[in-house]
Amino acid sequence: MFCSEFICLILFLFKKLATRDNKYVLIVKGPKFDIPAVEKTINTYVKHYNCKGKYVSKDNIELIYDIKFKKEMNDKVIYEIGKINGITTINIVSSNTDTMG
């Protein structure tokens, strides 16, 4: 009996610790902007990021990143990216089942 309870406890703790990272999807859009400047800004405010897609059309650029914040979600990254010329839209979406705070 003790063994199954112990395993349940370990699984529960593992689930909680595994989802502790603040994982989000960051989407940046605009007609024309400096992509390296966006990535430099992201690198300043997040623990880890990975570019999942770059979509370029005649009139628009769209970048999609998986990001993990260093601690909690920091709105400063949104404001700093928004200062880059040519960016019209910035979206951050929670990529796990937790709600954004």
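**Briefing: fold and salt bridges of a predicted model**

The accessible surface of the protein comes to about 7300 Å², and carbon and sulfur atoms account for 57% of it. The structure is a predicted model. Its secondary structure consists of three helices and four strands, and five salt bridges are present.

**Overall architecture**

- Read from the N terminus, the elements follow the order α-β-α-β-β-α-β.
- The protein has 101 residues, of which 26% are buried.
- Of the contacts between residues at least 6 apart in sequence, 69% join residues at least 24 apart.

- Glu62 and Lys29 pair through their side chains in a salt bridge, with an N to O distance of 3.9 Å.
- Because Glu62 belongs to strand β3 (residues 61-69) and Lys29 to strand β1 (residues 23-30), this pair ties together parts that are 33 residues apart in sequence.
- Glu62 is partly exposed, its relative accessible area being 21%.
- Lys29 is likewise partly exposed, with a relative accessible area of 27%.

- Asp66 is partly exposed at a relative accessible area of 29%, whereas Lys52 counts as exposed at 51% relative accessibility.
- The cut-off for the exposed class is over 50% relative accessible area, which is why Lys52, at 51%, falls into that class.

- The side chains of Lys76 and Glu80 form a salt bridge with an N to O distance of 3.7 Å.
- Both residues lie in helix α3 (residues 76-82), four residues apart, and are therefore separated by about one helical turn.
- Lys76 counts as partly exposed, with a relative accessibility of 41%.
- Lys83 joins Lys76 and Glu80 in a network of salt bridges.

**Context for the pairings**

- Side chains of opposite charge can pair when their charged atoms come close.

Terms used. Residues are numbered from 1 along each chain as its sequence is written. This is a predicted model: local features need pLDDT of at least 70, side-chain atom pairs count only at pLDDT 80 or more; totals for chains, interfaces and linings use all residues. Side-chain values use heavy atoms; hydrogens and water are left out. Helices (H or I, at least four residues) and strands (E, at least two) are DSSP runs, numbered from the N terminus. Buried means under 20% relative accessible area, exposed over 50%, partly exposed in between (1.4 Å probe, protein chains only). Contact means heavy atoms within 4.5 Å. Accessible areas come from the Shrake-Rupley method with a 1.4 Å probe; for residues, only the protein chains shown count as cover. A salt bridge is a side-chain nitrogen of Lys or Arg within 4 Å of a carboxyl oxygen of Asp or Glu.
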